[in-house]
Structures are given as C-alpha cells and as structure tokens.
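Take a look at the sequence and the structure below. Keep both in view as you read.

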Amino acid sequence: MEKLVIHGGNPLQGTVRVSGAKNAVLPIIVASMLATTESTLQEIPQLDDVHTVCEVISSLGVKIDSSQEGTLVIDAANLDSFSAPYDLVRRMRASFLVMGPLLARKRRGKISLPGGCSIGARPIDLHLKAFEAMGAKVNLENGYIEASVPEGLKGAQIYLDFPSVGATENILMAASMAEGRTVLENAAEEPEIVDLATYLNSMGANIRGAGTNIIRIEGVKELHGAVHSVIPDRIEAGTFMVGAAMTGGNVYVENALSEHLKPLVSKLKEVGAIVEEDIDGIRVIGKSPLRPTDIKTLPYPGFPTDMQAQFMALTTICQGTSVITETVFENRFMHVDEFKRMGAKIRIEGRSAIVEGVRALEGCQVNATDLRAGAALVLAGLVALGETEVGYLHHIDRGYDHLVLKLQRLGADIVRVNKE
Ligand SMILES: CC(=O)N[C@H]1[C@@H](OP(=O)(O)OP(=O)(O)OC[C@H]2O[C@@H](n3ccc(=O)[nH]c3=O)[C@H](O)[C@@H]2O)O[C@H](CO)[C@@H](O)[C@@H]1O
Ligand SMILES: C=C(OP(=O)(O)O)C(=O)O
C-alpha cells in the first residue's frame, strides 16, 4: 500500500502555485456535454477526479483530447448514451452532475444513485425536486435514478431548501437549454458556481445573478463550444496557507484569489499569522505562539467545510481551546480520531469539536478518511515530532495536484513510498 512518510519540523518556505479548482473543473467538464461544437478548457489540474469525470462523459460518447498538459479539448457532438454506471459514479459523487446535461440534450438520463460517503449521507433530493419542477419524471429502480422529459425541459420557479452547490450546478446546466425562464432562489453562491455560469454564458447561455442567491436563466435552444480557463483552487490555496501558519513558515501562495478566501484569511490573522494579500497571490507568515479561535462552517461566503479538517489540524497546536462547529455535513469529523492518535486533545459535542491545543503532536501511522482529512493529516505530520505515515492516499489523489512535489519544494521532508 502506498503511504506518505513525513518527518515533521521543517517550516514551509518559498512559493507555491495553486492549480485549477477541482470543484470548478468538474462541473465545467460536464457542462461541455451541452455543446454541439468543440470546447477548450485550460488550467486543468492533474487529479484522479478529473480522470474519473472524463471517463464518465467518455462513456456517454463524448470525445476528449488530453494530449496537451493542462488542457482538455472536449467534443460532445456525438453524445449517444444516457446512462452512467455505478462503477464510475461511486468513485466520485460529482458524476451525478451529468443528469442536467443529459436531460437537456437527450431528454433522459439513467445514473446510479451515488450513495453516502464518509462525510455524510449526501442525498440528491434537491436535484431531483428541481428536475421534477422542470417537467421531468423521476424514478428509482435497481439503484439507478431514471429521469425523462419527453416534451423537453421547461423553465421553472425553484427554491432550494438548502443552497446546495451540486443542485445549483445541475439546475444551471439543465435550465440553460430549457424552454423559457428559470428563477432559482436560495442558490449556492460559491465562486465555482460563478465560474460555471461564466463558462455557460460563453457557450451562449443567458444566466444572470450567479454569485448571489437568486439566479435567473433564460433558456436557449443550442449551446456552442467555448474556450475557458478554470479559476484557482481556493481549498488547495487554503491548505498551503494553513501549512505556512502551522509550521512557522513563510509561503507565497501564487495564484490564490484573496476575494475567495476571506473567512480563512480572517481566521489566520486571529490565530496570529501575518497575511499579506496582493493581486497575484497571498503570503502567509507563521508566528509563534498560535492563538486559539473558533470556527463554524457555512455555505459561501462563510468558512468552507472543505477547510475544516485542515484548520482543525492547526488548532491542535494552538495555545488554548478552540471550538470547531460543522454545519454543512452531519458527519465530517472522521479525522478527529486520527488526530487523537497523534496526541491531539479533542472531544466531540454534537456538531462541535472542542480542541484543546497541545505543545506538540507525535508522529504515528494514520489513515486519510476522506480528501480533506488526508490533507489535514499531512499538515499535522509536518509539525509532529518524529515520523508520520499517512495511508489511504486515494482520497488525497482525488483532489490535490502534485501535493508531495509542491510540499517538497517548500522544504517539507515528505516522500511517497510503497509499504506493506
Ligand atoms: C464537487 C464539489 O463541488 N463538491 C463540493 C460540493 O459538494 P456537493 O455539491 O455534494 O455539496 P452540497 O452543497 O450539495 O451539499 C451540502 C449539504 O446539503 C445536503 N444536500 C445536498 C443536496 C441535496 O439534494 N440534498 C441535501 O440534503 C448535503 O447532504 C450536505 O449536507 O459542495 C460541498 C459544500 O460546500 C463541498 O464540501 C464539496 O467539496
Ligand atoms: C467533499 C469534497 O469533494 P466531493 O464533493 O467531490 O466529495 C471536497 O472537495 O472536500
């Protein structure tokens, strides 16, 4: 089994460049299915999730040329299937995003029900209710969601009970080619939604209000291919920023957009780090001792749930007690037991983790329980005494582009090895 072996103690120092955002590139690749001519996507990160989504859409008849590094040329002229199998969907929940484009272009879709994962049950009821509001008939049979809309999608008035990122994206794609106007209220406001809407508009869609909680979409008959460059990954950026603060380092995170990282910047300043923002990136300088702070995850523009585990890693070595409250996912504390194995003092009370900072973590063998938990354990390993081994790397490979190489270049003592 492959593992990361980390010897803690080196401060991160230097410059690291942030790759294209995983959570933007996935829906954007899927949205390319809506066009009848070729699209060129740039700033594509090298991630397992990108390979998986490409496999999903290839299985539907879409042609993808990935011969040039960092670029994908996607041609969906011959979209000839409407069914996405369990084997691919179970690897990546974002696979369910193909339902919107399939309904728009094929008037039917059959996709395996994604199922829960280690961070929560993650139902898709909001996606399905929206498709029904747009005229689709939806059935669950043998583990597959089958939806069809023989007369074509119709624009609708949709209110989301929760500002779900995935549901907002699926609706944007479906509504772009529906007949008439869709008004989506309580929409997700994440930067990745804005990037998707920008891409769809450059394909000929008519979407207004992305980035606010009311999005209006006038459906059009056809979309064409476009050239689009994916936004930088704010969660990857945040992970390096927290790493710099924790290790007492000095890192310039190039390509990080400070307008996407406000809650994290404010929390890093609260714990005592120096944060300098400019047009090309963000510098974080770690200062000792780190002060404790409380965080509560919320939909954007609140503190991102995808940074909760990494920030918890930081609070394990703050001088005092921090309270971390998770409100987006009901079960996103799987990393707590792993941190405890490294000597962290944490107790869970309902949706909150009470973290009492310790003088030092101790290296030991731990396993990534999900993507961000994996990144958080790596950060913990960077400050722990002695050797830390992080296993279950498939989680980390889903969403971090060359993490080990980037950390090595910043001076971390980290290697990937094959170990029994
Ligand atoms: C590929 C991608 O972009 N993934 C991100 C996306 O996931 P994803 O799009 O799955 O997250 P959602 O915003 O949809 O989910 C947020 C909450 O809403 C619930 N919910 C969602 C849909 C639904 O139909 N019913 C329902 O109850 C979920 O169980 C969860 O508790 O946003 C999450 C929240 O910022 C991030 O953590 C993920 O990294
Ligand atoms: C939860 C995440 O991703 P996904 O929705 O793809 O599982 C994440 O990026 O932290």
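Predicted model: local features only at pLDDT ≥ 70, side-chain atom pairs only at ≥ 80, totals over all residues.

Residues are numbered from 1 along each chain as its sequence is written, while chains are lettered from A and ligands numbered from 1 in the order in which they are written.

Start with the whole protein. The protein contains 14 helices and 24 strands. Both kinds of element are DSSP runs, numbered from the N terminus: helices are H or I with at least four residues, strands are E with at least two. The C-alpha trace spans about 65 × 45 × 45 Å along its principal axes.

Now look inside. Of the 420 residues, 53% are buried. A residue is buried if 20 or more other C-beta atoms lie within 10 Å of its own, exposed if 12 or fewer, and partly exposed in between, with C-beta atoms placed from the backbone. Among contacts with a separation of 6 or more, 72% join residues 24 or more positions apart. Two residues are in contact if their C-beta atoms, placed from the backbone, lie within 7 Å.

Next come the domains. The domain assignment gives domain 1 (2–19 + 232–418) and domain 2 (22–229). Such bounds come from an automatic or database domain assignment. The centres of the two domains, taken over C-alpha atoms, are 30 Å apart. Domain 1 puts 19 residues into the contact, and domain 2 puts in 14 residues. On the domain 1 side, helix α13 (residues 394–399) supplies the largest share, 3 residues. That side has 5 nonpolar, 6 polar and 8 charged residues. Here Ala, Val, Leu, Ile, Met, Phe, Trp, Tyr, Cys and Pro count as nonpolar, Asp, Glu, Lys and Arg as charged, and the others, Gly among them, as polar.

Where does ligand 1 lie? Both domains give residues to its shell, so ligand 1 lies between them. Of the 21 residues around ligand 1, Asn23, Leu126, Ser164, Val165 and Gly166 come nearest. A residue is near a molecule or strand if its C-beta atom, placed from the backbone, lies within 6 Å of it. Helices α1, α5 (125–133) and α6 (165–176) each give two or more residues to this shell. By class, the shell has 11 nonpolar, 6 polar and 4 charged residues.

Ligand 2 also has residues of both domains in its shell, so ligand 2 lies between them. The residues around ligand 2 include Lys22, Asn23, Arg93, Asp306 and Arg372. Two or more residues come from each of α1 (22–31) and α12 (371–383). This shell divides into 3 nonpolar, 2 polar and 4 charged residues.

Compare two elements. Helix α4 (residues 99–106) is mostly covered, with 7 of its 8 residues buried. Its cover includes α1, β7 (108–112), α5, β9 and α6. Just after α4, Arg107 takes a positive phi of about 65°. Strand β8 (residues 137–141) has 5 residues and 0 of them are buried, so β8 lies largely in the open. It pairs with strand β9 (residues 144–148) in the antiparallel sense over 5 bridges. To count as paired, two strands need at least two bridges found by DSSP. One bridge joins Glu141 to Tyr144 in β9. The hairpin has 2 residues between the strands, and Asn142 takes a positive phi near 50° there.

Finish with two residues. Ile44 sits in the loop between β3 (39–42) and α2 (48–58). Is Ile44 buried or exposed? Ile44 is buried, because 22 other C-beta atoms lie within 10 Å. Gly70 is 26 residues away along the chain, yet the two C-alpha atoms are separated by 4.6 Å. Leu200 belongs to helix α7 (residues 191–202). Leu200 counts as buried because it has 29 C-beta neighbours inside 10 Å. Beyond four places in sequence, Leu200 touches Ala31, Leu172, Ser176, Ala205 and Ile207.
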